[in-house]
Amino acid sequence: MRPLNIMVVDDSNLTIKKMVKMIEDLGHKVVHVAQNGRQAAEDYPNVRPDLVTMDITMPDMDGIEATRRILAVDDKAVIVMVTSHGQEQMVMDAIEAGAKGYVLKPVKAEKLAEHLEAVAGKYLS
């Protein structure tokens, strides 16, 4: 798999640091970080990453609405939700909004690698 340019969206600085390290350790590049859905939706058109990792629960604008707004601008955007256990309905809402998959927190490097590979293989080939 070719290295991907990835935008990380999460309101937790600790989660952002962990995600950036895992993504870079997997050979990809984090090209932008957003700390809420509104910032992600506003910044996406200028960044145009290959893939977005999107937290669901955030202040200002949640990841589901941000996913809808990003896909309204770029219907080929590839967004993978990052969510906690117990948010099954939110995950289903995110998939219905156009997310291409999801990873459960706490995110493990091997699971992240599997999801990135699967999604990239399906939507970025």
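Which residues of helix H4 (residues 88-97) are buried? The legends below take up this point in a predicted model.

**View A. Helix H4 and its buried residues.** Val91, Ala94 and Ala97 are the buried residues of H4. Seen down the helix axis, they fall within an arc of 120°, so they line one face of H4. An α-helix has 3.6 residues a turn, so residues three or four places apart point the same way. The cover over the buried residues of H4 includes H3, E4 and E5. Exposed Glu88, Gln89 and Glu96 lie on the face turned away from the buried side. Gly98 follows H4, and its phi is positive, near 125°.

**View B. The open sheet of five strands.** The strand order is E2-E1-E3-E4-E5, with parallel pairing. Strand E2 (29-34) and strand E5 (101-104) are the edge strands, and each pairs on one side only. From one strand to the next, the twist averages 25°.

**View C. Strands E3 and E4, with the helices on the sheet.** E3 (residues 51-55) and E4 (residues 79-83) pair in the parallel sense over four bridges. Val52 has Ile79 in E4 as its bridge partner. Helix H2 (residues 37-47) packs on the sheet and touches strand E1 (5-9), E2 and E3. The direction of H2 makes about 140° with that of E2. Helix H3 (residues 63-73) also packs on the sheet, touching E3 and E4. The direction of H3 makes about 175° with that of E4.

**View D. Lys100 and the ring of Tyr123.** The charged end of Lys100 sits over this ring, 5.2 Å from its centre. The structure holds zero aromatic pairs.

Definitions and conventions
Residues are numbered from 1 along each chain as its sequence is written. This is a predicted model: local features need pLDDT of at least 70, side-chain atom pairs count only at pLDDT 80 or more; totals for chains, interfaces and linings use all residues. Side-chain values use heavy atoms; hydrogens and water are left out. Two strands pair if DSSP finds at least two bridges between them. Helices (H or I, at least four residues) and strands (E, at least two) are DSSP runs, numbered from the N terminus. Axes are lines fitted to C-alpha atoms, for helices over the stretch in contact, and angles run from 0 to 180 degrees between N-to-C directions. Contact means heavy atoms within 4.5 Å. Rings of Phe, Tyr and Trp (its six-membered ring) pair if their centres lie within 6.5 Å; planes under 30 degrees apart count as stacked, over 60 as edge-to-face and the rest as tilted. A charge sits over a ring if NZ of Lys or CZ of Arg is within 6 Å of the ring centre and within 35 degrees of the ring normal. Buried means under 20% relative accessible area, exposed over 50%, partly exposed in between (1.4 Å probe, protein chains only). The arc is that of the directions from the helix axis to the C-beta atoms.
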